[in-house]
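Trainee: I am new to this structure and would like a close look at one part of it. Please take the charged side chains and how they pair.

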Amino acid sequence: MHEMHQKNPFKKTFFDLKELVDGIQENLLCPATIEDTNHRLHAYSSHEDDTDSARIGTIISQRVPEKVINRLWKVGVIPKLMQSDSALRIPHIEDIGLRDRVAISIRKNNEILGYIWVVEGHTKLNDTQLDLLKDAAVAAMPLMDKLHQNRKRKEENYQDFLWQLLNGQHKTLQEIHDKFYDLNLKMPDSFSVLAFRFEQDISRKIEEQISYLITTSQKITNHFLVVMDEELILIASPHSSQLDDKAFDDFISFFISEMANRFSIHEIKGSAGASYNNFDKAQSSYQEAIKVLEMKERFPEELKNIHHFRKLGAFRYLDLIPKEQRVKHYEHPAIAKLEEYDSLHKSNLLKTLEVFIQQDSNMNDAAKKLFVHTNTLHYRIKRISEIGGIRLNNTHEKIGIYLDLKARKIDGK
């Protein structure tokens, strides 16, 4: 008796992703999930009671847990998935609760729209079943494409509005509220503006990589994303699992290092403005973030690890010192005396003083920074006090000198 030829269950049009994911479960006898390129969950089939914690975590939060994504990058699974158009076996990774999986990307030409993940049971999928999974990925394409297009359209609609908002075009709160309502956008309770400056214009591809990192990191909740040439602006709040501004610092460091590690995009600078509750303050937060970037540009050494406007300290006030007061005869007299001494004796006492104040008058830290022995520094500081007539135990005097030295850099001296 010859067997009847089985009809391919995926060579048809599916109504939605749920119907497709149930079809995968039915034909491969394994629980399946479909997620978009940013690992947000769009459909999942049922599973037995003994499923793994990675799957449960994904279903509960409607996205793949951050630690799972970070590990899959580390062990090279996601880069491989992005390059391959056939199914990929992922052996279990105990400590992130991931059992044996088979995954495949859903693509339209060269663009990835999402992924299908299948939890393998004791019996492994055979070649015929792996081919069926490939057909399922093809069947998922039009459904994922539609979601993708809708999201792009929605983003394009509000980009202009947000750019105008950040530049103060929409004045009253009522006007802003109405616009949010028209665009069907939800207004967050409180927010900060984050600004990132890239070395190159941000292409559509880079934008997708950005969106990927923001969505998969659970450090912040990003509400809106605006791209303008080489500038990326986010309007965000700390993620509910994180506290206050530290979340922004953590996210900015994570974002800069992972854009470099995963996508080879280097030299990004990032900053955050203060938090506000009302959207008529969006422009203020944006300007604060931009001010941080400008100050970081001028004082790369001093502000290396500073991202947040609130942590700029004295640097917040430097450009408020009027230009006519940033000239020599306004400076603390010690500066001129030390400068004269340095040029006569080929020494660098002025630089020593600047570093000493910058290191909060800590002898050990300053000596390390200057690559000299603490005894040498003790001697130099004594000379600085004598030559400049400075009381280095007087905070006001020290801050005054420090600001004068930094104000010089504002004018490019």
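Mentor: Charged side chains

Arg-383 is partly exposed, at 23% relative accessibility; this class lies between buried (under 20% relative accessible area) and exposed (over 50%), judged with a 1.4 Å probe and protein chains only. The areas themselves come from the Shrake-Rupley method with a 1.4 Å probe, and for residues only the protein chains shown count as cover. This is a predicted model, in which local features need pLDDT of at least 70 and side-chain atom pairs count only at pLDDT 80 or more, while totals for chains, interfaces and linings use all residues. Residues are numbered from 1 along each chain as its sequence is written, and side-chain values use heavy atoms, with hydrogens and water left out.

Arg-383 forms a salt bridge with Glu-386, with 2.9 Å between the closest N and O atoms. A salt bridge here is a side-chain nitrogen of Lys or Arg within 4 Å of a carboxyl oxygen of Asp or Glu. Side chains of opposite charge can pair when their charged atoms come close. Arg-383 and Glu-386 are separated by about one helical turn, because they are 3 residues apart in helix H13 (residues 374-388). Helices (H or I, at least four residues) and strands (E, at least two) are DSSP runs, numbered from the N terminus. Glu-386 is also partly exposed, at 46% relative accessibility.

Elsewhere, salt bridges with shared partners join Arg-204, Glu-207 and Glu-208 into one network. By the rule above, the count comes to 25 salt bridges.

Lys-406 takes part in two of the pairs described here. With Glu-302 it forms a salt bridge of 2.4 Å, N to O. That pair links distant parts of the chain, 104 residues apart: Glu-302 is in the loop between helix H9 (282-298) and helix H10 (333-345), and Lys-406 is in helix H14 (residues 395-410). Lys-406 counts as buried at 1% relative accessibility, and Glu-302 counts as buried at 17%. The side chains of Glu-354 and Lys-406 also meet in a salt bridge, at 2.4 Å, N to O. Here the partners are 52 residues apart, with Glu-354 in helix H11 (residues 349-358) and Lys-406 in helix H14. Glu-354 is buried, with a relative accessible area of 10%.

An unreviewed UniProt entry annotates residues 349-407 as "domain: PucR C-terminal helix-turn-helix"; such annotations may be inferred rather than shown by experiment. Over residues 349-407 the chain is 78% helix and 0% strand, with the end C-alpha atoms 18 Å apart.
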